[in-house]
Amino acid sequence: MIISVIGQGYVGLPIALSAATSGFEVKGIDNDQNKVANLNSGVTSIEDVDLQVISEMISSGKYFATTNYSIIEKSAIVLICVPTPLDLDHKPDLSYLIAAATSAGRHLSRGSLVILESTVAPGTTRNIIVKILEQESGLESSDFLVAYSPERIDPSSKKWNVKNTPKLVAGLDNKATKQAVDFYSKFIDNVVVCESIEVAETAKLLENSFRLINISFINELSIFCSKLGISVNEVINAASTKPYGFMPFYPSIGVGGHCIPVDPLYLANKASEIGAPTRFIDLADQINQEMPGYFAGRAEEKIGGLKGKKVLVIGVSYKPNVADVRETPVKSLIVELVGRGAQVSWHDDLVKEWNGEKSVALSNEYDLAILATPHDYLDLTKLGDVPILNTRGSI
Ligand SMILES: NC(=O)c1ccc[n+]([C@@H]2O[C@H](COP(=O)([O-])OP(=O)(O)OC[C@H]3O[C@@H](n4cnc5c(N)ncnc54)[C@H](O)[C@@H]3O)[C@@H](O)[C@H]2O)c1
């Protein structure tokens, strides 16, 4: 059975390789020619992917990357795993998804199953994707199958992977649900069927909105604790001894990555469209966006102004121990610091190069260091007596 996976990024590549390892013949379709060439020589920059697995799957003929959509004609199952970001107005940008569905539709065969994995607002699969597939293929929706199954990948997690993370699935009808469940069950331990596609779409948005709201709340509380002169981390540790009804979240300069700052706005946008606004999400988004400015202010206070001061920002990826800088709040922190007159350099040996700049060494040549993203490898003793502003809960 041939499986096509459109989009060979953080979501599509691990799923494609898991399916290939379980015996399916997988074609990884991506419109980035360099990425495709690299994958076919066994190379990817996605940290969680084992390069040996790519090479093994390629040499056994179980995996091949391509820019050519025509392989979809022979595919029993087509997965769509393309980005669903925000546009410049902070609104859902479905352009990648529409382009991928259009290309899939043009090559879709009767009886094939299309599964959308990208994060979307409820109603998108049924009202947008199915219509594009019908239009482009010339088939009726009853001639093919459609399901939705959100991805829950946790980059760099040692505990949770494709196999042991429960997977939500919902089909447009029972046949689509059954085929999608049969497919995922070959390489995922626990496949959970949702009552409808809209339930699965909304569940994904709930998961990520829950994180955005709680992280923003703890960040607001950390501002409160700092003003009070107590440690927010001690407060969280104390509260965490409650054996029920509490879940710890920890302070930072804000959420980042491709999901947490983005997905809740898909929910908020849909909510205002249907006249049921989600005010918590709007507020959490606002607090999240204010955190870098807050820390630039703290930096200013700590060394009595930033004009002409040499500031080193440590860790620029969106979370510790990954090289992913998508939606990193550190970008806004640097903009805020520069806006207040600081000369900013940054250190991050995982990211190495970013925005046309290179990571500098940790040294004692600075007026201030700001610990933005605390990677495990960092040795802060190299800073000597440079004052450090710790964004992870310092008073
Ligand atoms: N990264 C995560 O941790 C994560 C977790 C859960 C869900 N998601 C969701 O999964 C989806 C994909 O995210 P990602 O992180 O894998 O994105 P990504 O940017 O890592 O990968 C997407 C890939 O799709 C390719 N692409 C874009 N348009 C295409 C097209 N028309 N045809 C073929 N290829 C195309 C890009 O070149 C890229 O390689 C998004 O909806 C995201 O919200 C991401």
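Predicted model: local features only at pLDDT ≥ 70, side-chain atom pairs only at ≥ 80, totals over all residues.
Let me start at the ligand, where a backbone N or O atom of Thr-119 lies 2.9 Å from an oxygen atom of the ligand, a polar contact in the sense of a pair of N or O atoms within 3.5 Å. On its own the ligand has 830 Å² of accessible area, and the protein covers 92% of that, with areas taken from the Shrake-Rupley method and a 1.4 Å probe.

Residues are numbered from 1 along each chain as its sequence is written, and side-chain values use heavy atoms, with hydrogens and water left out.

Back at the ligand, a polar backbone atom of Val-11 is 2.8 Å from one of the ligand's oxygen atoms, and an N or O atom in the side chain of Tyr-69 is 2.3 Å from a ligand nitrogen. Altogether 28 residues surround the ligand, and among the closest are Asp-30, Lys-35 and Thr-84; to be counted, a residue needs a heavy atom within 4 Å. Helix H4, residues 95-107, gives the largest share of this shell, namely three residues; helices here are DSSP runs of H or I with at least four residues, and strands are runs of E with at least two.

On its other pairing, E6 meets strand E7, residues 167-171, in the antiparallel sense over two bridges, with Ala-170 in E7 as the bridge partner of Tyr-148.

What covers the faces of these strands in terms of side chains, buried or exposed? In E5, Leu-113 and Ile-115 on one side and Val-114 and Leu-116 on the other are all buried, meaning under 20% relative accessible area. In E6, Leu-145 and Ala-147 point one way, Val-146 and Tyr-148 the other way, and all of them are buried. In a regular strand, side chains alternate between the two faces of the sheet.

Conventions. Polar contact = N/O pair within 3.5 Å; in protein donor to acceptor, adjacent residues only side chain to side chain. Buried < 20%, exposed > 50% of the residue type's maximum accessible area, 1.4 Å probe, protein only. Pairing = 2+ DSSP bridges.
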